[in-house]
Amino acid sequence: MRYIFNLKLIVLILPVLLFNCNNKLDEEQELVVLQDEIDYSSEEQAFGALVGAYEKFQNVGWEQIPLISVRGDDVNAGGLGDQQGFADTDNFIYDNSYWMYNVFFENWSQDILQITSQIESLERFRAGGVDSDLIDQYQAECKVLRGYITLQLSRVFGDVYRIQTTDQTQIEVLPKDELMMWISDEMDEAIPNLLDVAPNLRSDLPGGITKYTALAVKAIANLEVENYQNVADAAGEIINSSKFQLYDDYYELFKIPGKLANENIWEIQYSDFGQSSGENVAHLFAFYGPQNWSAAVPEATSGWGFYEPSFKFIKFMIDRGETVRLETSVLFTDRGIAELQTDPDYATLPAWISNTTRDGDVINDYSRAYFASGKHYLPSNQLTEGRTSYGTNKNYTVIRYAEVLLMYAEALTRGASGTAGTADSAVNTVRLRAGLGTLSGVTSEQVMDEKFAELAMEWGIRYYDMIRLGETGELSYDGRTFNMDKAFLPYPQAQLDQSYILNDYYQSQQ
């Protein structure tokens, strides 16, 4: 009999140190415990099972989020190199044998299954006498993790697994719309059991999932299926809580000062614990960085150049008179600036556009791309002394309050009613932070433009907006031709070969 996964389910127990950046890592970072070695009466070990679920998401590979994002008109794959399949994907040419597709599908499906294992293991802690309300909370947090990963997997591949149990005979493939409604229902189940605080104010796990994280995931899931009233209700509850606000400095929001900012409804946390050497829990941001730079801190290493803001996005931002959001989103090279100026409409650029960042890092020319992503950039002068890897110690932002405001505004412009103010007020809150004037009587088109400007290069938001709205013309740019048949990536061949459930579902759809 073929199985979906070849996975030995374990309970992962990790100490709080992973999330507490003020402590030193003098202890073992990760403790993997087989189920017969666990004390199910221990509240501390129950907490460790929860943190083990967080760890699965924290370990997201460098190739996964770019694959979610690269097909949007805001970002391009860096030029040809050793990842032809990634560049092809950006051009809507899909090869289901490409390794990145398989790694994405396999790893995130495995993560969902492992998080489900943690949910099941927490029931044993309840039976062992650990406070039942605490177990409800921990399971709810795991459900939010599981729901969000499922949402992203479905955005990329369409119809994917719904995993509610580790019994593989009970796992099924569902259509994307049904999965979004399941995720919404899961969030409804989770919300009453989650802490009613902003994530950065959690005392037990600063930055951990709360009620508002679940509401944001619910809003995103309902946006995918155009259930705009549910979007307005969930986003409106976040707004009405008055627990969130936009971070004053958009540029620093994506850097060290922005860690655990009150705008961040969810972020994946990383840390070098303020130490020049030793343990370093980090994401591999080099994928996004420029291949060639003269860093203000000379020892700082450069990146790989595989993630490039598009000319279309940059021109859109210049036309709008954007300053801080364009500066934050794009690292310019001289070659990129010169190429922009070959278009007569952009022969004269704003004087502030330069290949030198405000922190003194010079982005030199390199062959793979004209630009690099500024949202994934950490200035070399913000690296902990002694650390040299590109972007290390930087968190990865998942959901921001700005996205919630704009989802709320869009829902209202598409017919929903709201209790958290007008679409104008939501949009203008975002615009004022960016140094732009206010709007009156905002339209859906204006909201989508604001989302393009505010959220570019973040989790493929732009691409999935255009898919949802059927805006094939927006995605057909710079020689690309998009049609809705290209909305989802094909199932990886390795997964069809391995999983009888996925293969049977695939055959039934042909």
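Which residues in H1 meet which residues in H4?

Modeller: The model is a predicted one, and the description below should be read accordingly.

On the H1 side, the residues in contact are Gln 45, Ala 46, Ala 49, Gly 52, Ala 53, Lys 56 and Phe 57. Their partners in H4 are Trp 108, Asp 111, Gln 114, Ile 115, Gln 118, Ser 121, Leu 122 and Phe 125. Sorted by class, this contact of H1 with H4 comprises 8 nonpolar, 5 polar and 2 charged residues.

The geometry of the pair may be described next. Two packed helices are described by the angle between their axes and the distance between the axes. Helix H1 covers residues 43-58 and helix H4 covers residues 99-127; their axes are 9 Å apart, and the packing angle is about 170 degrees. Angles over 145 degrees count as roughly antiparallel, and H1 and H4 are therefore roughly antiparallel to each other.

Helix H4 also contains Ala 127. Ala 127 is exposed, its relative accessible area being 71%. The C-alpha atom of Ala 127 is separated by 8.1 Å from that of Ser 41, although the two residues are 86 residues apart along the chain.

Helix H6 (residues 176-190) and helix H7 (residues 211-224) have axes that come within 9 Å and cross at roughly 160 degrees. H6 and H7 are therefore roughly antiparallel to each other, and H6 passes H7 in a left-handed crossing. From H6, the contact draws on Lys 176, Met 180, Met 181, Ile 183, Ser 184, Met 187 and Asp 188, while H7 supplies Ala 214, Val 217, Lys 218, Ala 221, Asn 222 and Glu 224. By class, the contact of H6 with H7 has 7 nonpolar, 2 polar and 4 charged residues.

Turning to buried elements, strand S6 (residues 264-268) is mostly covered, with 5 of its 5 residues buried. S6 pairs with strand S12 (residues 396-400) in the antiparallel sense over 4 bridges, and Trp 266 stands opposite Ile 399 in S12.

Strand S12 is also among the elements that cover the buried residues of helix H14, as are helices H9, H11, H13 and H15. Because 8 of the 11 residues of H14 (residues 423-433) are buried, this helix is largely enclosed by the rest of the structure. The buried residues of H14 include the charged residues Asp 424, Arg 431 and Arg 433, together with Ala 423, Ala 426, Val 427, Asn 428 and Val 430. Just after H14, Gly 435 adopts a positive phi of about 80 degrees.

Definitions and conventions. Residues are numbered from 1 along each chain as its sequence is written. This is a predicted model: local features need pLDDT of at least 70, side-chain atom pairs count only at pLDDT 80 or more; totals for chains, interfaces and linings use all residues. Side-chain values use heavy atoms; hydrogens and water are left out. Axes are lines fitted to C-alpha atoms, for helices over the stretch in contact, and angles run from 0 to 180 degrees between N-to-C directions. Helices (H or I, at least four residues) and strands (E, at least two) are DSSP runs, numbered from the N terminus. Angles under 35 degrees count as roughly parallel, over 145 as roughly antiparallel, 65 to 115 as roughly perpendicular and the rest as oblique. Contact means heavy atoms within 4.5 Å. A crossing is left-handed if the near helix is turned anticlockwise from the far one by less than a right angle, and right-handed if clockwise. Buried means under 20% relative accessible area, exposed over 50%, partly exposed in between (1.4 Å probe, protein chains only). Two strands pair if DSSP finds at least two bridges between them.
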